[in-house]
Amino acid sequence: MGLFEKMMGHARDFSRAMGTTDEEVEHAARISPREAELRAELADDVEQGSGPRRLALLFSGDVQGVGFRWTNQSLAQDRHLTGWVKNLPDGTVQMEIQGPPQALAAHLERIHAYYARFGNRIWLEAADDAAWLPNDANFDVRY
């Protein structure tokens, strides 16, 4: 057993002792610290009844050559989110997405749920607020 496996075993043991399930531990390990922060912000927005937001996101990991842009477009359209997504030359993917906080949080969760089936690592590197675009009506794949 390697060092990583030993560390994860200890983390699972500790988590079980604290009442956390293995599934919750695995979920936390597959999202970046920045994504965890963003999800907490979005949950606070929902709780406070805040209005819609536009986010500028940067993803790394297994995000090019796997249909990531098209999957995001489909998932965004299902939730009536607008914005765009495009591949960058360095292998990352840039996205701007806007809509209600609850729909944005669900979008992030659905991305991970979709790609977890294939073992893809999707890592949110950066998330910043962007200017709201009132006339944005679609979610586009850009080149």
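View 1. L57 stands opposite M95 in β3. The model shown here is predicted. Elsewhere along β3, Q98 is the bridge partner of R54.

**View 2. The β2-β3 hairpin.** Strand β2 covers residues 82-87 and runs antiparallel to β3, with six bridges joining the two. T82 faces Q98 of β3 across this pairing. Five residues separate the strands of the hairpin. In the turn, G91 has a positive phi of about 95°.

View 3. β3 spans residues 93-99. Six of its seven residues are buried, so the strand is largely enclosed by the rest of the structure. Buried here means under 20% relative accessible area.

**View 4. The five-stranded sheet.** The strands follow the order β4-β1-β3-β2-β5 in an open sheet with mixed pairing. At the edges stand β4 (122-129) and β5 (139-142). Each has a single partner strand, so one side of each lacks a neighbour in the sheet. From one strand to the next, the twist averages 20°.

**View 5. Helices on the sheet.** Helix α3, residues 33-48, packs on the sheet and touches β1 and β4. The direction of α3 makes about 50° with that of β4. Helix α4, residues 68-78, also packs on the sheet. Its contacts are with β1, β2, β3, β4 and β5. The direction of α4 makes about 170° with that of β5.

Conventions: Residues are numbered from 1 along each chain as its sequence is written. This is a predicted model: local features need pLDDT of at least 70, side-chain atom pairs count only at pLDDT 80 or more; totals for chains, interfaces and linings use all residues. Side-chain values use heavy atoms; hydrogens and water are left out. Buried means under 20% relative accessible area, exposed over 50%, partly exposed in between (1.4 Å probe, protein chains only). Helices (H or I, at least four residues) and strands (E, at least two) are DSSP runs, numbered from the N terminus. Two strands pair if DSSP finds at least two bridges between them. Axes are lines fitted to C-alpha atoms, for helices over the stretch in contact, and angles run from 0 to 180 degrees between N-to-C directions. Contact means heavy atoms within 4.5 Å.
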